[in-house]
Amino acid sequence: MTKIVKLQVISPPNTETKTIFTLDDKDILFKGIALESHICGYCGFVLAENVMVYNYHDIILQCPNCKSYNGAPKNDNF
Ligand SMILES: [Zn+2]
């Protein structure tokens, strides 16, 4: 069963130190084979579906729906 993980909306990041993943259209940014789906912390849009527990240390996901920047989930979601 897929676990839904809500990401944490963050301030626009420093693009010199972070890699931002985004898409122009409203599609899921990452698809994988494992057990978690990660959703936008603001609007709930699915940003990553069935991914391994992803390391958000160096990347930011920008929601294509609401343009929020999403970083690591809050610890209490794990
Ligand atoms: Zn969003």
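## Strand S7 and its parallel neighbour

Phe21 has Leu61 of S7 as its bridge partner. This is a predicted model. Strand S7 covers residues 59–62. Three bridges tie S7 to S3. The two strands run parallel.

## The hairpin

On to strand S8, residues 69–71. Two bridges join S8 to S7, and here the direction is antiparallel. Gln62 stands opposite Tyr69 of S8. S7 and S8 form a hairpin, with six residues between the strands. Lys67 lies in the turn and has a positive phi of about 70°.

S7 and S8 belong to an open sheet of four strands. The order is S2-S8-S7-S3, and the pairing is mixed. Strand S2 (8–10) and strand S3 (19–21) stand at the edges. Each has a single partner strand, so one side of each lacks a neighbour in the sheet. On average, neighbouring strands of this sheet are turned by 40° against each other, direction ignored.

In a regular strand, side chains alternate between the two faces of the sheet.

## The nonpolar core

Which residues make up the largest nonpolar core? There are nine: Val5, Leu7, Cys40, Leu47, Ala48, Ile60, Leu61, Cys63 and Tyr69. Strand S6 (46–51) and S7 are the elements that give two or more residues to this core. Leu61, the bridge partner of Phe21, is one of the core residues.

Nonpolar side chains tend to be buried together in soluble globular proteins.

## Lys3 in strand S1

Lys3 sits in strand S1, residues 3–6. A buried residue would need 20 or more, and an exposed one has 12 or fewer.

Lys3 is in contact with Leu35 and Glu36, leaving aside neighbours within four places in sequence. Glu49 is 46 residues away from Lys3 along the chain. The C-alpha atoms of Lys3 and Glu49 are separated by 9.7 Å.

Conventions
Residues numbered from 1 in each chain as written. Predicted model: local features only at pLDDT ≥ 70, side-chain atom pairs only at ≥ 80, totals over all residues. Pairing = 2+ DSSP bridges. Axes fitted to C-alpha atoms, helices over the stretch in contact; angles between N-to-C directions. Core = buried A, V, L, I, M, F, W, Y, C linked by C-beta atoms within 7 Å. Buried ≥ 20, exposed ≤ 12 C-beta atoms within 10 Å, placed from the backbone. Contact = placed C-beta atoms within 7 Å.
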